[in-house]
Amino acid sequence: MRHCRTIFALALLVLGAGGAEASAAPPEKAGTPAPPQLRLPTTAAPAGYAVELTIDPAKDRFRGTVWIDLRVKEKTALLWLNATDLEISSASVVVADRTLPVKVVPGGENYAGFSFAKTLAPGNARLKIDYTGKLDESSTQGLFREKDGEDWYAFSMFEATDARRAFPCYDEPGYKVPWQLTLRIPAGTTAVSNTPIENESPAADGGRVVRFKKTEPLPSYLVALGVGPFDYLDAGTAGSKNTKIRIVTPRGKASQGRYAAQTTKPLLEMLEAYFGMPYPYEKLDHLAVPQSITFGAEENAGLISWNERALIAPPSEETIAFQRRQADYSAHEMAHQWFGDLVTMQWWDDVWLNESFATWMADRTIAAWKPEWGKAVDRVVDRSDVMYEDTLVSAPKIRQEVETAEAINSAISGIIYQKGAAVLTMFETWIGAPKFQKGVHDYLEAHRFGNATEADFLKAIEAASRPGVSAAFQTFIDQAGVPLVDVQLDCGGGAPRLALGQARLLPLGSKGTDEIWQIPVCARAGSGGGSGRECTLLTAKSGAAPAPTASCPGWLLANDGENGYYRARYGGDLLPKLLAVADTDLTLPERVGVIRDVGALAAAGAVPMSDALGLVPRFSGAKERQTVLATLQIADHVREHLVPADSRPNYARFVSKMYGARARELGFAARSGESEDTQLLRVRLVPFVAEEGNEPELVAEARRLALRWLDDHSAVAADMSGRVLEVAAAHGDRALFDRLHAAVKKEKDRRDIQRLLSALGSFRDPALAREALDLFLSKEFDAREAYGILFAATRAEENQMLLWDFVKANYDAIVARLPREITGFVPFLGGNFCDAGHRAEVASFFQDRAAKLPGGTRTLEQTLETIDLCIASRSAQESGVREFLKGY
């Protein structure tokens, strides 16, 4: 799965998109059997499913019948299945050609029991269940429906635990069996699922009965379907089996799938080549869902479901960012067809085997396919970004013990995407790419169409490489945190050597404890015009290794290629010497990695903040976009946490001096002949300088362009229109607010609705900001879009008290209004404070409320820890920042 990248991306990183809800079983009535607490009893297991669903997307209910072929392992008179919001009307079981009635036993929110009049003996049985369920209109979990134009559509999204909203089943990943779906659909619609259609026939009511071929073994969360008046774009065939590819879209949008059709074939064939085995399924459809909330795309076998805005676009919206995101998501989801679909984790504690690998595989595939996109640098930035979360004591491990429904939500976090991918990159680099590839291939072959665990994977990698790899790997998978590697160079007496030390990187104010990793430390150094590389496995608190060069090096990079998952802190004069050759001897990923490390160490208090701020004048004028943005990250961090009110004018002058000339030269409007890097830099740099650099010229340009865009959307390029509206709104007045409000009420295009709602949430004027928040509650807009107002409001530091007061006064209404899968993000709305008083207030307010939200407990933990760290950082570093800014 790829998460939506939204304005509350941090919340998505923390919570993921798990659908399990933390709810206790209902109190038992006398004589009523107690339902399971999490996992289903193992007295029986499914051997296969046949499911028939009657779905009319224009109606809010569906009918279903499921036949489950059971293998009964132990005598039992009661069978528990997962079922949520399903009304079961009847059930029966066939044993030895005899049909026996079954009594349905209530099981609370997540379970249904089936009591047999006669105890089932070990052997085979077939359970039939008739039921009805809900096609949800406010959520995008389970089976849900959406309107696009005048047409209704129905879709599924079952990861992690929402297949139970569509049919009673064993809703756990370890139950992996064939499924066969039959859909009864209305006239004028078509249907798609994981497999090609086996047969289709007219129904008595004028609709159609569509029977799909039986699937390969799948867990319940990977079963998928769509019903509606779809259009289909034939994308040809790809791979060794000439797999048929289609782009499936809402009516009238097939032509918008041009780019997706163009990217699928080469990416799929590159994945086949790496894995050394064909694409595992009979066909591949990409299905566009008009609205999704927490998922950007979902890897259903043979039918990848996408947020429409990530898959298809009209020509005016096919921006550079769209193209790169679409290709990245596509590579990620298609990699899942092997990692996750062909081989599935046994239980949710190993979901990292899905997401870490798909992220890692997408990165390396895109880097090979389009090296000019700079994916190697993006990988370094992604690694650095996730390290900020990973320094929190409340951050999860890559592999988590999942013993509650709440823990399923938490297991699918940003840690398993970006940290997991970074750790895989580190070990691939250390043991060698060919050996790592062999281990991956052997793992997939050994467990194809089955389930596997962490131990299975590590066994395959170690067998293909060297002893000890598994133990080293586990120190990163099974414990949280970021290693801080201290590096000293000793050139006295004999061959030069490196003195190494390790500790857990803990920010100022952290209550975390130290950890020890087995770290593959690879260093590169230069001496006398030559260079060398040396790797060592640092297994203790301190250690030593030969320097990479025979003579004392003139410079040393402690993380060669920036492939290691650790922050490097240089002793003595190593950092100044390294920075002196940054433009000549370091690659772009290495240069960005060093800058980001210094910024992160300063933010944590591990080096003086002046060290990081000093890099901004040195590198802010670099020609490479990624280097400039690395310095911008330092400047933005200081703004968010450490600039006192009396230094705000100095900070604005600092931003203007560092970036103003370039931002004014770029402006908000693209020019013909510009490179892609220039256009991408504009999107990030110009709005930042306009908002933080006291640049009235840029603010005025944003307002002019916003007004022009309101009259004619083609007046501003799609990649800048949202940022133009937000900058204009941040400095806007009542007249602009009213125009934006009127425009969004008339707007039909969902991309533009999202831009307009985000702009409405960006006003700094307190009265207008409050009015925007009231719009969120007004039900004037679809809840699946209106939340953009709420989370855009978190960016206006001036209005943090206004937002907090709004949350306190309207908490129940906010939770009721939000789609259920993102209610767990609400505690983040109190996370902008940096003082003990408000920290206590946030803790008290959410003390009892957070546990009732999916993922809310961890959200609150991270929110409170973030406030604690801000308080400590401000106390220790604010005066130094004030002193630095006096020069501006």
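Modeller: Gladly. Keep in mind that this is a predicted model.

Biologist: Where does a cis peptide bond occur, and what is its omega?

Modeller: The cis peptide bond joins E159 and A160, and omega is about 5°. A160 sits in the loop between β10 (151–157) and β11 (179–185).

Biologist: Is N242 buried or exposed?

Modeller: Exposed means over 50% relative accessible area. N242 has 53%, so it counts as exposed.

Biologist: And what is phi for N694?

Modeller: Phi of N694 is near 50°, again a positive value in a residue other than glycine. N694 lies between α19 (676–692) and α20 (696–711), in the loop. Its relative accessibility is 63%, so N694 is exposed.

Biologist: Now the interior. What is the general idea of a core?

Modeller: In soluble globular proteins, nonpolar side chains tend to be buried together. Here the largest nonpolar core has 285 residues. F436 and F457 touch the most other members. Helix α8 (residues 414–431) gives the largest share of this core, 11 residues.

Biologist: Which residues does F457 contact, leaving aside its neighbours within four places in sequence?

Modeller: With those neighbours left aside, F457 is in contact with W352, L353, F357, L424, F436, Y443 and F473.

Biologist: What about N563: is it buried or exposed?

Modeller: Buried means under 20%. N563 is at 17%, so it counts as buried. It lies in the loop between β28 (555–557) and β29 (567–570). Beyond its neighbours within four places in sequence, N563 contacts R379, R383, A422, T425, M426 and T429.

Biologist: How do I read a strand such as β25?

Modeller: Check its cover, its two faces and its partners. In β25 (residues 519–527), nine of nine residues are buried. I519, V521, A523, A525 and S527 point one way, while P520, C522, R524 and G526 point the other way.

Biologist: How does β25 pair with β26?

Modeller: They pair in the antiparallel sense over nine bridges; β26 covers residues 530–538. I519 stands opposite L538 in β26. The two strands form a hairpin with two residues between them. G528 in the turn has a positive phi of about 60°.

Biologist: How many bridges join β25 to β28?

Modeller: Three, and these strands run antiparallel. R524 stands opposite L557 in β28.

Biologist: Last topic: cavities. How many of 30 Å³ or more does the structure hold?

Modeller: It holds eight. Of the 12 residues lining the largest cavity, L38, Y111, T161, R164 and I408 are the closest to its centre. By class, this lining has six nonpolar, three polar and three charged residues.

Biologist: What is the volume of the second largest cavity, and what lines it?

Modeller: Its volume is about 70 Å³. The lining of the second largest cavity includes L760, F763, N799 and L803. Helix α24 (766–777) and helix α26 (800–817) each supply at least two lining residues. The largest share, three residues, comes from α24. By class, the lining of the second largest cavity has nine nonpolar, two polar and no charged residues.

Notes
Residues are numbered from 1 along each chain as its sequence is written. This is a predicted model: local features need pLDDT of at least 70, side-chain atom pairs count only at pLDDT 80 or more; totals for chains, interfaces and linings use all residues. Side-chain values use heavy atoms; hydrogens and water are left out. Helices (H or I, at least four residues) and strands (E, at least two) are DSSP runs, numbered from the N terminus. Buried means under 20% relative accessible area, exposed over 50%, partly exposed in between (1.4 Å probe, protein chains only). A nonpolar core is a set of buried Ala, Val, Leu, Ile, Met, Phe, Trp, Tyr and Cys residues joined through side-chain atoms within 4.5 Å. Contact means heavy atoms within 4.5 Å. On a 1 Å grid over the protein atoms alone, a cavity is a set of points where a 1.4 Å probe fits but cannot get out, and a pocket is an open set with protein on both sides within 12 Å along at least five of seven lines; lining residues have an atom within 4 Å of a point. Grid points are joined across faces, edges and corners, and a volume is the space filled by probe spheres set on the points. Ala, Val, Leu, Ile, Met, Phe, Trp, Tyr, Cys and Pro count as nonpolar, Asp, Glu, Lys and Arg as charged, and the others, Gly among them, as polar. Two strands pair if DSSP finds at least two bridges between them.
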